[in-house]
Amino acid sequence: QRSTLQSHPFFPPPQPKRTQDQDKDHHSLPSSVMIFPVAIAALALSAAAAPASTMSARTRGAAAPTLRNRLQKFAPSQLRETRGQRPVSMKAEDFSGARKDLEKKFVEKRAEFLEETQDDRAAANPIGTVGGTAPMGKFWDPAGFTREADPNQVRRYRESEVTHGRLAMLGTLGFLTQENFAPLFGGHIEGPAINHFQEIQSIAPNFWYPVFLAITIAELGRARYGWEEPTKSLFGLRPEYEPGNLAFDPLNLAPKDEARLESMKNKELNNGRLAMLALAGMIAQELVTQKPLLA
């Protein structure tokens with residue numbers, strides 16, 4: 001056994017015993033002390049590099065089923081999601097079937113939409129063809145706001161459109177007039193119209209109170225004329241009320257002929273739509289430039 005250790009590369013043959021003088025002259029550690037850590041490291045590396053065949057058959061037999069079970073557990077064909085008591089399959093063929101059903105429903109809905117003409121939609125709507133002019137057709141609603149809305153809601157849309165259109169027409173005229181002709185308040189109101197409210201309030205702090213009172217009275221009169229009582233319906237229009245028609249025509253400009261009357265209604269709606277876009281552009285321009293429109 002001693003001869004075997006002596007022949008091993010990690011265990012060199014014993015060195016002759018040193019004298020005290022040799023130990024004093026030689027200050028390095030003995031070579032056997034340095035060999036032991038190297039030997040331990042080599043043994044550890046050789047054990048880590050051992051081939052997989054060294055595993056016992058019993059160990060391989062215990063590990064393989066566990067891995068196979070994990071793979072089967074997460075296989076796509078076996079995935080299931082439980083919603084309540086009903087399992088939902090996640091197979092690819094199920095997704096394919098659902099996609100085909102959606103495509104079929106989309107085609108049917110698209111065909112129904114194309115077959116329905118603007119005349120059909122206008123006939124089924126409580127506002128009719130008023131407001132539908134060339135080049136958009138008799139009933140232009142590409143976003144489908146009126147398709148699922150009830151008749152009262154469609155009439156409220158028209159009421160809002162007419163009211164805001166009239167307000168925008170007055171607003172565009174007010175912007176252009178006030179910025180170029182302002183005799184009130186001694187001519188001290190200048191600059192862009194978006195700042196006139198604050199300038200008037202600084203000069204005449206009580207000026208806006210009667211204005212707000214007049215607006216409130218006008219709005220209450222409009223609500224009592226066209227809208228149902230709040231105890232009956234909170235947002236309902238009266239069945240006999242035509243949206244926008246407040247029976248206010250002091251100059252008697254409304255024509256008696258139905259065709260001409262519809263033409264005038266279309267003109268009012270189109271000019272109101274244009275005025276809403278124009279007023280939005282005016283406000284945006286003055287917010288950016290902080291200058292009057294025609295400066």
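Mentor: Rolling a probe the size of a water molecule over the atoms shows where empty space is left. On a 1 Å grid over the protein atoms alone, a cavity is a set of points where a 1.4 Å probe fits but cannot get out; a pocket is an open set with protein on both sides within 12 Å along at least five of seven lines, and lining residues have an atom within 4 Å of a point. Grid points are joined across faces, edges and corners, and the volume is the space filled by probe spheres set on the points. Here the largest cavity has a volume of about 30 Å³, and the structure holds 1 cavity of 30 Å³ or more.

Trainee: What should I know about the model itself?

Mentor: It is a predicted model, in which local features need pLDDT of at least 70 and side-chain atom pairs count only at pLDDT 80 or more, while totals for chains, interfaces and linings use all residues. Residues are numbered from 1 along each chain as its sequence is written, and side-chain values use heavy atoms, leaving out hydrogens and water.

Trainee: Which residues line the largest cavity?

Mentor: The lining consists of Glu161, Val162, Gly165, Arg166, Met169, Glu268, Leu269, Gly272 and Arg273. Helices (H or I, at least four residues) and strands (E, at least two) are DSSP runs, numbered from the N terminus. Both α7 and α10 supply at least two lining residues each, and the largest share, 5 residues, is from α7.

Trainee: How much space lies in the largest pocket?

Mentor: About 2,000 Å³. It is lined by 49 residues, of which Val162, Arg166, Leu167, Leu170 and Glu268 are the closest to its centre. Two or more lining residues come from each of α7, α8 (196–203), α9 (208–226) and α10. The most, 12 residues, are given by α7.

Trainee: Which residues make up the largest nonpolar core?

Mentor: In soluble globular proteins, nonpolar side chains tend to be buried together. A nonpolar core is a set of buried Ala, Val, Leu, Ile, Met, Phe, Trp, Tyr and Cys residues joined through side-chain atoms within 4.5 Å. Buried means under 20% relative accessible area, exposed over 50%, and partly exposed in between (1.4 Å probe, protein chains only). The largest core has 8 residues: Ala168, Phe175, Ala193, Ile194, Ala275, Leu279, Met282 and Leu293. Two or more of them come from each of α7 (151–180) and α10 (258–289), with α10 giving the largest share, 3 residues.

Trainee: What does Met282 touch?

Mentor: Contact means heavy atoms within 4.5 Å. Not counting residues up to four places away in sequence, Met282 touches Thr172, Phe175, Leu176 and Leu293.

Trainee: Why is Lys265 called partly exposed?

Mentor: Because its relative accessible area is 24%. Lys265 sits in helix α10 and, leaving aside neighbours within four places in sequence, is in contact with Val130 and Glu242.

Trainee: What span should α10 have?

Mentor: The expected span of a helix is 1.5 Å times one less than its number of residues. The 32 residues of α10 should therefore span 46 Å, and its end C-alpha atoms are 46 Å apart, which agrees.
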